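This report describes selected local features of a predicted model. Please consult the sequence and coordinates alongside the text.

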Amino acid sequence: MNSSSENESTEKKLQDIKEITVNGTVISPAEIIQEMSHHSTDSPEDMIKKSSEVLITQLLLVQKAQELGLNKCLPKDSDIPVEETIIGRLIEKEIAKSDEVSEEECEKYYDEHKVEFFTQEMLELKHILIGATPEKKNERSQAKKLAESLILKLKDSLDQFDFLVDEHSSCPSKETGGTLGRIGRGQTPPEFEKIVFALREGLADKPVKSNFGFHVVYIDKKIPAKQLDYDQVKSDIADMLIEIGHRIEISKYIHQLIDAADIQGVDFKIGRPA
């Protein structure tokens with residue numbers, strides 16, 4: 001929770017925001033404060049700096065587009081902001097996007113970033129959900145006990161699983177025998193995922209707790225992550241390198257506009273592309 005002194009300090013910094021001029025066009029403090037709502041950083045200074053940089057860059061691009069006459073014949077009734085449209089035209093006209101990258105570059109990237117190219121770890125599992133939300137403590141306790149008793153029954157005979165799913169599960173998956181199919185990380189609640197991905201194949205010894213209740217879990221199959229071969233990913237790598245190259249060229253172009261501009265009211269220095 002912010003203290004009153006921190007809030008006062010922030011308000012003072014906002015009051016101290018000065019207007020900026022870019023080739024004679026004013027960016028007002030109100031515009032900078034409005035842009036700040038789109039950025040989240042650790043300090044008011046960083047938010048002011050970032051917001052100012054964004055507005056200056058956008059204005060420079062718009063000014064250049066207008067200079068080249070790219071603000072004419074704009075589409076009517078478009079949901080796309082005018083500034084975005086003419087900046088898009090400018091980038092398309094001024095910054096050619098290569099559609100090629102060498103095999104050598106792709107192979108080099110793959111060799112240096114192999115850890116990025118793995119299939120996702122997957123599980124095939126089925127479960128019985130004994131539903132009880134966290135705020136219902138008595139129901140949670142009873143749900144846990146029931147789940148534990150079902151595990152004991154299944155240890156004696158797994159053939160009962162389908163019957164017990166149908167009789168007890170409150171998950172829609174009961175319609176398919178409790179199966180969740182093949183799942184990867186990020187597809188189930190975090191507290192459930194953390195436990196089930198650490199389980200071995202077979203019946204879990206204990207119920208798995210989640211905000212939905214307690215789960216009786218059976219892991220049918222664990223499918224480990226697998227290294228993807230270069231041929232499987234080279235097309236994706238090529239597309240990515242082309243996009244990275246295009247972004248670098250855009251950054252260089254913006255720096256050329258900055259170097260040629262008359263910017264007053266701020267010490268505008270941003271890092272240059274390699």
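Where is cysteine 73 found? Cysteine 73 is placed in the loop between α3 and α4.

## Positive phi angles

Most residues other than glycine have a negative phi. Cysteine 73, although not a glycine, has a positive phi of about 55 degrees. With a relative accessibility of 77%, cysteine 73 is classed as exposed, because the cut-off for that class is over 50%.

Asparagine 23 also carries a positive value, with phi near 50 degrees. Its position is the loop between β1 (20–22) and β2 (25–27). The relative accessible area of asparagine 23 is 39%, so this residue is partly exposed.

Leucine 70 is buried, its relative accessible area being 14%, since buried means under 20%.

When neighbours within four places in sequence are set aside, the residues in contact with leucine 70 are Ala65, Ile86, Arg89, Leu90 and Lys93. Leucine 70 and lysine 93 are 23 residues apart along the chain, and their C-alpha atoms are separated by 9.4 Å.

## A negative surface patch

Glu103, Glu104, Glu105, Glu107, Asp111, Asp229 and Asp231 together form a negative surface patch. Helix α5 (residues 103–112) supplies the largest share of this patch, namely five residues.

Glutamate 105, one of the patch residues, is located in helix α5. Its relative accessible area is 44%, so glutamate 105 is partly exposed.

Conventions: Residues numbered from 1 in each chain as written. Predicted model: local features only at pLDDT ≥ 70, side-chain atom pairs only at ≥ 80, totals over all residues. Heavy atoms only, no water. Patch = residues over 30% accessible without salt bridge, like charges linked within 9 Å, V, L, I, M, F, W, Y side chains within 5 Å. Areas by Shrake-Rupley, 256 points an atom, 1.4 Å probe, with all protein chains shown as cover. Salt bridge = Lys/Arg side-chain N within 4 Å of Asp/Glu carboxyl O. Lys, Arg positive; Asp, Glu negative; His and termini not counted. Charge placed at Lys NZ, Arg CZ, Asp CG, Glu CD. Helix = DSSP H or I, 4+ residues; strand = E, 2+ residues; numbered from the N terminus. Buried < 20%, exposed > 50% of the residue type's maximum accessible area, 1.4 Å probe, protein only. Contact = heavy atoms within 4.5 Å.
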